[in-house]
Amino acid sequence: MRMLGPDTTKRLLDRIVTVPGIRRILLNGQNLPLVVPYGPARGEKNPHSMRKTIKVADSDIDLHVQVGTITLEVEDRTIIEKIRSVSTAFFVDFSCYVQEGRFMKSQPSLVDYAKYGPKADPTMIGLVDPKRKEQPSVIWYSEEQACGWEI
Amino acid sequence: MTRTPQFGPGTSVVAENRRRQMDPSHKLVTLRHVTDDDIVLLLGHRAIGARYPSVHPPIIEQQEPACPMRRLVKPTEGARNGDRVRYIQFADSMYNAPCQPYQRTYAEMYRFRAIDPGTLSGRQIVECRERDLEQYCRLLIETEMFDPTLVSLRGATVHGHSLRLCENGMMFDALQRCILTKDGVVQYVKDQIGIPLDRVVEVGKPLDSDWLKEHSTIFHSLVGTALREDKEYIEYLQRIHSLRTKYGFMPTEV
């Protein structure tokens, strides 16, 4: 298994978003800081070719990480098999695996309520800090666009 | 009585590689060449062509006390000239890198003089006089102890040794100090602390994965040689563990 570059991430997401029934997508990976965080060069700019803006289904996504894991929230269990078939068909040079489980919060906890209050957006719980200024990307994908892919 | 050092236990290829790197009588194979200026650039401690800053006058100009030990131990070139103490730090991937932090320290202690290594789980720093450091770096970069993709010079922000590799086989580096070009050559574009270089420094092509597996000094049950396959090493480790647990720092065999 390998960590993905931005171009591969884009190509993979292009295929994943065609699968109907995905509610939320979380890209996990190693942080790529904008500036050098430690050492004598602290504060210097950190140009990094893996930190890019990619376009998935007409939506711009700023990659802040080098993607290693993609967590998906799906509507029912049948979608997992579709994701599995897309992933195994996509990764030919190296392996991947698809795990089934609950990897993100499905509802706000008491701590979330205490921290963010009653008006926090429930779709953002467990994904990002609701107080973060940068908003998550919203990907709209219509049935017409999806019909070109073989799933 | 002459004593033949064993350097380390084990019957596996990993153990043999470790012994070979530690044995100062064994000449390590040179796989790539870097110039003196390249090393100065990578280290980032002084400008190319600048004189070595000193922290004390040359020893010959100093009044040394009459000490038998000082007569016995000859100073290194850097110490003789009063150079500053400077460092180089390496991060080694767990995926069959040709060296690893503990091994690095053992090998350097056998091969180099006047060094102060610091060993951590994923990185190893070695400090010594600047002039000596540049000499030692040559061996550490040019020989089989280095691989451009799996070993990396990282003075700070070293994270990546235990992560899976990137798509192109490079070890993850948050500061992307080196890149793999389309020609398949690894180039350093930043020095070891992450400051962009005036010109790139080429450190050669990545080594073949089969070669790396044969020359690795890291046990890895998934991609390389598993520790459990080396019975002698296990026996040695268990003995050390047992003695250490029972007797602390003063082991006594009963």
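Two residues are in contact if their C-beta atoms, placed from the backbone, lie within 7 Å. With that in mind, here are some views of this predicted model.

**View 1. Where chain B meets chain A.** Look at the place where the two chains touch: chain A brings 22 residues to the contact, and chain B brings 15 residues. On the side of chain B that touches chain A, nine residues are nonpolar, four are polar and two are charged.

**View 2. A hairpin in chain A.** Here you can follow strand β2 of chain A, residues 53-56, and strand β3 of chain A, residues 59-62. The two strands pair in the antiparallel sense, with four bridges between them.

**View 3. The fold of chain B.** Contacts between residues at least 6 apart in sequence tell you how the chain comes back to itself: 65% of them in chain B join residues at least 24 apart.

**View 4. The overall dimensions of chain B.** Along the principal axes, the C-alpha atoms of chain B fill a box of roughly 55 × 55 × 30 Å. Chain B has a radius of gyration of 20 Å, which agrees with a compact globule, because a globule of 254 residues would have a value near 18 Å. Of the 254 residues in chain B, 37% count as buried.

Technical notes
Residues are numbered from 1 along each chain as its sequence is written. Chains are lettered from A and ligands numbered from 1 in the order in which they are written. This is a predicted model: local features need pLDDT of at least 70, side-chain atom pairs count only at pLDDT 80 or more; totals for chains, interfaces and linings use all residues. Ala, Val, Leu, Ile, Met, Phe, Trp, Tyr, Cys and Pro count as nonpolar, Asp, Glu, Lys and Arg as charged, and the others, Gly among them, as polar. Two strands pair if DSSP finds at least two bridges between them. The radius of gyration is taken over C-alpha atoms; the globule rule is 2.2 Å times the number of residues to the power 0.38. A residue is buried if 20 or more other C-beta atoms lie within 10 Å of its own, exposed if 12 or fewer, and partly exposed in between; C-beta atoms are placed from the backbone.
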